[in-house]
Amino acid sequence: MTRDLTITDVRLTPILVADPPLLNTSGVHQPYTPRLIVEVVTADGISGFGETYGDGKYLELARPLADRLIGRQVSDLGGLLTVADELTVDRARVDNQLDVGGQRGVQTADKLRLSVVSGFEVACLDALGKALGLPVHALLGGKVRDAVEYSAYLFYKYAAHPEGVPCEKDDWGAAVDPAGVVEQARKFKERYGFTSFKLKGGVFPPDEEIAAVRALAEAFPGHPLRLDPNGAWSVETSIKVADALRDVLEYLEDPTLGTHAMADVARRTGVPLATNMCVTTFAEIKEAFTQGAVQVVLSDHHYWGGLRNTQQLAAICRAFGVGVSMHSNTHLGISLAAMTHVASTVPGLHHACDSHYPWQSEDVLTERLTFEDGRVTVSDAPGLGVEVDREKVEFLHRRWLDDDGSLRDRDDAAAMRIADPGWVAPAVPRW
Ligand SMILES: O=C([O-])C(=O)C[C@H](O)[C@@H](O)C(=O)[O-]
Ligand SMILES: [Mg+2]
């Protein structure tokens with residue numbers, strides 16, 4: 001049967017989703033965080049869904065991109081990138097700006113455009129797959145594994161958001177010391193079967209974080225462990241931590257900022273370094289790889305510009321003998337499905353991928369995706385293989401509409417100031 005793949009409508013729905021009080025080097029997560037749900041509709045009435053960052057700077061590019069897609073084909077993924085390239089980015093959004101509290105380095109117009117287009121690319125692939133009766137992994141060339149392994153993403157965490165702040169409750173408890181971190185890891189293992197553990201560091205002085213990783217190693221012997229302080233340490237501190245943990249770390253993630261500093265640490269410790277900060281664009285690859293600055297690149301289809309770019313990144317990594325895995329920010333089930341499809345197509349995925357999904361008690365799917373033995377099964381249903389619940393989207397959109405603007409742009413430092421009014425995101429390196 002011939003299908004009409006013409007895009008006739010693109011619906012953009014900004015939402016706010018519950019987020020627990022997770023600590024990182026800039027502060028703490030706010031009780032609700034913005035995401036954007038992208039729905040692409042074809043002439044045949046098929047809807048495809050994607051999600052991406054929902055902060056204002058992304059929304060202001062998403063609308064003009066949506067308008068320019070009407071009349072194009074959902075299958076025209078190359079053209080989608082070309083259209084996105086033409087979007088004008090407000091200079092104030094990029095001049096001297098950091099993204100996600102600096103976790104992706106300096107903001108650029110290209111990074112902004114790629115982050116927006118990623119949600120549209122996934123939506124187009126979902127619609128195309130549904131139209132053709134093919135899963136997204138088949139559109140990407142086919143899966144090479146039936147399930148994708150994820151790691152437990154451990155965070156230092158307060159028991160609750162500050163008294164009086166509207167929020168959803170969670171049952172994870174506090175984790176502000178080694179015993180709390182081990183307890184959290186136990187829950188992750190019990191609930192989802194994860195066997196790799198990543199601790200988000202850069203929160204407490206390095207000796208305390210070394211003690212937490214040691215406690216994990218003792219509680220879970222032989223399990224791959226990672227520590228990620230988001231560049232909070234100097235080269236000398238990074239070397240000290242690497243030396244203290246070399247026998248238990250699978251890798252150290254972004255201990256310090258910048259290619260030269262990372263290369264110095266890698267050279268002087270021999271501990272593998274992973275990154276989602278020093279290599280975040282194709283342009284940064286050459287220098288980082290030739291200097292030996294990173295041994296594992298953590299791709300994130302949201303900011304690399306989609307699933308096809310993620311595959312290209314993986315191919316480049318393979319050519320250089322550099323490992324590849326996946327980074328994650330707060331995301332919902334649409335993105336977990338997208339991550340799982342693309343990860344299923346990447347040969348040589350030797351490290352469990354990151355995912356924040358277990359931290360999200362709310363979702364826009366009729367049925368949440370599940371982890372079995374730490375793995376998500378790759379769906380063979382058409383498109384992403386997930387169904388979006390419009391009532392849930394509407395509920396979370398209503399929350400976004402009702403917000404006075406204070407939660408519409410992620411600000412971990414502002415959230416920290418509610419508990420600690422003098423807080424400013426520390427300059428890095430902090431230690
Ligand atoms: O470096 C990383 O893995 C991240 O950037 C993940 C998240 O952004 C995490 O640090 C967070 O949300 O606080
Ligand atoms: Mg990281």
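Which residue forms a salt bridge with Arg399? I looked it up: the partner is Glu168, and the closest N and O atoms are 3.5 Å apart. For my notes, a salt bridge is a side-chain nitrogen of Lys or Arg within 4 Å of a carboxyl oxygen of Asp or Glu.

**Ground rules**

I'm working on a predicted model, where local features need pLDDT of at least 70, side-chain atom pairs count only at pLDDT 80 or more, and totals for chains, interfaces and linings use all residues. Residues are numbered from 1 along each chain as its sequence is written, chains are lettered from A and ligands numbered from 1 in the order in which they are written, and side-chain values use heavy atoms, with hydrogens and water left out.

**Domains**

Next I checked the interface. In contact (heavy atoms within 4.5 Å) are 50 residues of domain 1 and 53 residues of domain 2. The buried area between the two domains comes to about 4,100 Å², with carbon and sulfur atoms giving 63%. That area is the accessible area (1.4 Å probe) that two parts lose on being put together, summed over both.

I found three salt bridges across the interface of domain 1 and domain 2. I also have 25 residue pairs in polar contact between the domains, both residues at pLDDT 80 or more. Helix H3 (109–132) and helix H13 (390–402) are among the elements that each supply at least two residues of the side of domain 1 that touches domain 2. H3 gives the most to that side, with 11 residues. Helices (H or I, at least four residues) and strands (E, at least two) are DSSP runs, numbered from the N terminus.

**Magnesium site**

I looked at ligand 2, a magnesium ion: Asp228 (OD), Glu253 (OE) and Asn276 (OD1) coordinate this ion at 1.9 to 2.2 Å. Along the chain, its donors follow the spacing D-x24-E-x22-N. Asp228 is in strand S9 (residues 225–228) and Asn276 in the loop between strand S11 (273–275) and helix H9 (285–290), 48 residues apart. Donors are N, O and S atoms within 2.8 Å of the metal (3.2 Å for Na, K and Ca); water is not among the atoms, so sites may look incomplete.

Buried or exposed, for Asp228? Asp228 is at 0% relative accessibility, so I log this residue as buried. Asn276 is buried too, at 1%. The cut-offs: buried means under 20% relative accessible area, exposed over 50%, partly exposed in between (1.4 Å probe, protein chains only).

By the rule I count 32 salt bridges. Asp228 and Glu253 turn up again in a network of salt bridges with Lys198, Lys200, Arg226, Glu250 and Asp354. Lys198 sits in strand S8 (residues 197–200) and Asp354 in the loop between H12 and S14, 156 residues apart. Both are buried.

I then looked at Lys143 and Asp380, paired at 3.0 Å between the closest N and O atoms. Lys143 lies in the loop between helix H4 (136–139) and strand S6 (147–149) and Asp380 in the loop between S14 and H13, so this pair ties together parts 237 residues apart in sequence.

**Thr345**

Lys143 also touches Thr345, as do His137, Leu140, Gly142, Val144 and Gln311, leaving out residues up to four places away in sequence. I place Thr345 in helix H12 (residues 333–345), and at 9% relative accessibility Thr345 is buried. A polar atom of its side chain lies 2.7 Å from the backbone oxygen of Val342.

Most residues other than glycine have a negative phi, and most peptide bonds are trans. I found a positive phi of about 40° at Asp254, which is in the loop between strand S10 (249–253) and helix H8 (259–269). Asp373 also has a positive phi, near 50°. Asp254 is buried at 0%, whereas Asp373 is exposed at 60%. Last entry: the peptide bond from Val428 to Pro429 is cis, omega near -5°.

Definitions and conventions
A polar contact is a pair of N or O atoms within 3.5 Å; within protein, one must be able to donate a hydrogen and the other to accept it, and residues adjacent in sequence count only if both atoms are side-chain atoms.
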